[in-house]
Amino acid sequence: MTGWMGTILRINLSNGAVTKEPLNAKDAALFLGARGLGVKIFTDEVDAKVEPLSPENKLIFAPGPFTGTSAPSAGRYHVVAKSPLTHTIGGANSGGVFGAALKYAGYDAVIIEGKAEKAVYLWIKDDQVEIRDASHLWGKWVPDTTDAVRAETDDDASVACIGPAGEKLALMASIQNEMHRSAGRGGLGAVMGSKKLKAIAVKGSKPVRVADVKALEAAIWSARAKVAANPVAQGLHKHGTEILVNILNEIGSLPTRNWNDAHFPTADKVGGESLTKEVLARRKGCFACVISCGRVSQIKDPEFAGIGEGPEYEAGWAYGPDCGVDNIFAVTKANHLCNELGLDSISTPATIACVIDMATSGVLPREDWDGLDIRWNNPELIVELTKRIGLRQGLGDKAALGSYRFAEMYGHPEFAMTAKKQEMPAYDARGIQGIGLQYATCNRGGCHVKGYTIAVEVLGNGLRLDPRETKGKPAIVKAFQDMTAAVDASGGCIFGTFGMVADDYAAMLSALTGIHYSPEDYVRAGERVWNLEREFNLNAGFTAKDDTLPERLFKHPIQTGPSKGLVSHVPEMLPEYYSVRGWNEQGVPTPEKLHELELA
Amino acid sequence: MEIASAPRDWSPARALASRLHPKKVMAKVLMIHPEKCTGCQNCMLACSLHHEGQFRMAASRIHVYTWEREGASVPMMCQQCDTAACMKVCPTHALHRNPGESLVDYEKSKCIGCHMCTIACPFGNIVYDAYSLSVLKCDQCGGDPSCAKACPTHAIEWVDDSISTRSRKKAYASKFVEAFQEA
């Protein structure tokens with residue numbers, strides 16, 4: 001086998017059994033790896049009705065065929081489990097080095113089952129796999145955990161771990177690798193915490209073999225040239241993903257103060273240009289990346305002093321405009337805390353925005369404010385409440401369940417800006433119609449990356465569409481969702497798609513694996529993954545009624561700025577979306593579609 | 001003042017070559033700029049693919065180390081030392097320098113696998129690889145180094161040795177310009 005390692009590692013934490021199984025070649029060819037193979041294994045083995053924080057839920061870590069190779073910006077791994085936040089299929093991927101390390105250790109997937117009696121960590125060194133005691137690590141924050149595990153294993157081991165948030169089952173807990181890289185969304189850190197698994201350390205020395213070296217090199221260089229020449233990729237290198245703050249604010253689609261508005265006059269103070277000027281220490285790249293959008297950030301303001309990474313655009317937006325804050329130091333500090341405590345840096349600040357909205361609207365009684373000065377534009381509040389959420393103290397204990405459950409607790413779920421109970425990210429669905437349809441239909445709830453129509457609705461990457469238009473958007477959303485699923489399944493980062501197209505990915509995958517993939521085959525693999533995820537969600541009890549957005553986006557128009565007066569039109573687009581997907585009116589894939597995708 | 005003796009690897013042929021072909025002596029070198037390194041490891045991947053036809057990081061002749069708390073990455077690779085310790089201790093001349101070249105060359109057929117070079121190199125830049133039973137030594141890819149081509153941020157450059165530090169010197173000099181403007 002080339003491209004894949006040919007082995008799946010299964011670890012049962014309940015009985016300590018470690019087994020190795022051969023990779024099913026047909027599954028690999030059809031579902032590629034990472035998100036695809038992970039979802040295939042998960043849906044084959046786990047009942048959709050499983051309770052997410054029970055030992056019966058499984059947690060799968062999977063690199064893709066590109067992971068560990070020099071395919072441009074394609075060194076990622078994907079984590080799959082049923083999400084405790086959304087109760088949909090959960091999936092989150094991360095860059096850094098961890099995915100490549102898993103691959104070099106010889107595995108296409110690591111399946112974690114059951115639940116350990118007391119805290120443990122895993123030490124995977126090629127064929128040697130140990131389940132080790134982690135009682136002394138329980139309670140440690142992410143950087144200290146990483147250092148401690150390395151000291152006990154190998155200086156150069158790659159470590160993925162949870163922080164206090166995951167241990168305490170915060171439903172917004174992330175899994176962190178290399179300290180600052182994050183499989184953040186959907187609360188998969190809580191699944192890891194529920195299994196009493198503190199960390200996984202990996203060191204690998206095996207080769208990833210290549211079917212046709214010359215063809216792979218040619219395909220890689222042709223693809224790299226496209227990424228290097230792409231203006232969006234260049235912008236991401238220069239100012240990080242935060243470059244989007246001013247772009248979205250200029251078109252009036254930057255959700256502001258928990259989506260009460262979509263224009264923030266002082267957004268520039270927390271944008272990419274300000275980040276570069278005020279806190280950027282160094283540019284950072286994930287494994288095999290040719291863009292390097294990562295930011296090493298150092299805060300000089302003594303009140304918020306510290307060094308870490310980020311923020312990314314979505315975190316910068318959520319801590320910034322969405323909380324009415326324009327202090328780049330506080331935003332950066334709060335983001336560092338998310339990484340250190342092991343929290344999703346989108347859901348956490350978006351939940352804080354919801355808390356502020358409820359407090360200032362009078363639906364959160366003052367006796368529940370936990371002594372905090374809850375108001376918009378309070379830099380100290382975003383830092384302090386992040387800490388309390390991560391440690392589940394006081395008000396943070398309730399907020400750690402995410403904005404939907406928090407708002408519901410007080411009888412006002414309408415304050416939660418969520419889709420399928422997951423906080424929506426930084427692009428206003430009232431001003432940008434396609435991304436709203438993506439939020440409503442995404443298999444993991446409110447999420448932008450799994451169908452990033454912003455590329456054509458805002459950035460004009462390859463194609464420029466009117467963001468306010470609904471016509472034709474369902475087909476665009478489907479195309480982005482399928483392509484992204486394929487890129488995720490092969491171990492790629494979606495930022496690569498700013499320059500590369502399906503032809504590039506198919507050429508690289510064919511040369512690497514020796515299996516011929518046409519560009520259509522490649523995208524179809526993504527569509528296959530999307531439909532398999534949809535089937536899981538339907539089996540879990542979701543229906544077409546759940547493919548929607550908060551009422552605020554339909555009834556409360558944007559108040560100021562260039563998009564003033566706009567609302568979302570998701571309900572009007574939904575029937576056409578189901579139709580272009582080959583689903584029936586209830587949003588269920590038809591037998592013909594499943595047959596076409598070799599899913600039935 | 002000490003009077004330098006002739007270098008131990010001095011040879012009549014090399015001396016002659018430097019006189020007859022001065023251009024050849026102005027060789028190219030791999031220049032590293034750690035401050036530009038993002039830690040992506042594309043250099044290691046390219047090195048491994050070029051030399052082994054597969055992705056095996058331990059086979060890379062260049063290594064990138066990252067300190068996550070400090071947020072810094074540094075590539076480490078053979079500097080082709082003028083007075084190369086690895087070459088001096090090599091008992092079989094498997095490691096040697098060809099006339100008029102800056103490269104410390106490695107000839108696998110002469111290598112007896114004694115590991116002396118790996119002990120001698122003060123930087124740890126030459127390593128023994130148990131997988132291929134040979135020394136992993138940067139060969140500058142025969143004059144077109146893959147690592148420099150693969151580096152997306154030009155943290156590794158393939159430049160004439162006479163100008164290798166010019167960009168760094170100029171970057172530093174530019175700080176004076178900034179200072180003058182601020183004044």
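## A guided tour of chains A and B

Start in chain A by selecting residues 158-161 and 175-177: these are strands β9 and β10, which run antiparallel and are joined by two bridges. Now pick out C161(A) and look across to β10(A), where Q176(A) stands opposite. Keep in mind as you go that this is a predicted model.

**The six-stranded sheet of chain A**

In what order do the six strands lie? Follow β8-β7-β12-β9-β10-β11 across chain A, an open sheet with mixed pairing. At the edges you will find β8 (128-133) and β11 (181-183) of chain A; each has a single partner strand, so one side of each is left without a neighbour in the sheet. Turn the view to look along the sheet, and you can follow a twist that averages 20° from one strand to the next.

**Domains of chain A**

Time to zoom out. Colour chain A by its domain assignment: domain 1 covers 7-203, domain 2 covers 240-423 and domain 3 covers 433-596. How far apart are the centres of domain 1 and domain 2 of chain A? Taken over C-alpha atoms, the separation is 26 Å. Where these two domains meet, domain 1 of chain A contributes 37 residues and domain 2 of chain A contributes 29.

Stay on the domain 1 side of that contact and select α3, α4 (142-152), α5 (164-167) and β11 of chain A, each of which supplies at least two residues. Helix α5(A) gives the most, with three residues. If you colour this side by residue class, you will see 17 nonpolar, 17 polar and three charged residues.

**A three-stranded sheet**

Move on to β14, β15 and β16 of chain A, which form an open sheet in that order with antiparallel pairing. β14 (280-284) and β16 of chain A are the edge strands, each pairing on one side only. The twist here averages 15° from one strand to the next. Between β14(A) and β15(A), residues 294-299, there are four bridges in the antiparallel sense. To find your place in this pair, select R282(A) and its bridge partner in β15(A), V296(A). Then show residues 328-341 of chain A, helix α12(A), which packs on the sheet and touches β15 and β16 of chain A. The direction of α12(A) makes about 65° with that of β16(A).

The peptide bond leading from G310(A) to P311(A) is cis, with omega near 5°.

**Two crossing helices**

Select residues 347-360 and 379-391 of chain A, helices α13(A) and α14(A). They pack at an angle of about 115°, with their axes 10 Å apart. α13(A) and α14(A) are therefore roughly perpendicular to each other, and their crossing is right-handed. Show side chains for T348(A), P349(A) and I352(A) on α13(A), and for I382(A), L385(A), T386(A) and I389(A) on α14(A); these residues make the contact. By class, they divide into five nonpolar, two polar and no charged.

**Across to chain B**

Now bring chain B into view. Its contact with chain A involves 21 residues of chain B and 29 residues of chain A. On the chain B side, α3 (42-52) and β2 (54-55) are the elements that give two or more residues. The largest share, four residues, comes from α3(B). This side of chain B has ten nonpolar, eight polar and three charged residues.

Zoom in on residues 208-209 of chain A, strand β13(A). This strand runs antiparallel to β2(B) and is joined to it by two bridges. Which residue of β2(B) is the bridge partner of R209(A)? Select Q54(B) to see the partner.

**Last stop: the domains of chain B**

Colour domain 1 of chain B (27-77 + 150-166) and domain 2 of chain B (80-137) separately. Their C-alpha centres lie 20 Å apart. Domain 1 of chain B brings eight residues to their contact, and domain 2 of chain B brings ten. On the domain 1 side, look for six nonpolar, no polar and two charged residues.

How values were computed:
Residues are numbered from 1 along each chain as its sequence is written. Chains are lettered from A and ligands numbered from 1 in the order in which they are written. This is a predicted model: local features need pLDDT of at least 70, side-chain atom pairs count only at pLDDT 80 or more; totals for chains, interfaces and linings use all residues. Two residues are in contact if their C-beta atoms, placed from the backbone, lie within 7 Å. Ala, Val, Leu, Ile, Met, Phe, Trp, Tyr, Cys and Pro count as nonpolar, Asp, Glu, Lys and Arg as charged, and the others, Gly among them, as polar. Two strands pair if DSSP finds at least two bridges between them. Axes are lines fitted to C-alpha atoms, for helices over the stretch in contact, and angles run from 0 to 180 degrees between N-to-C directions. Domain bounds come from an automatic or database domain assignment. Angles under 35 degrees count as roughly parallel, over 145 as roughly antiparallel, 65 to 115 as roughly perpendicular and the rest as oblique. A crossing is left-handed if the near helix is turned anticlockwise from the far one by less than a right angle, and right-handed if clockwise.
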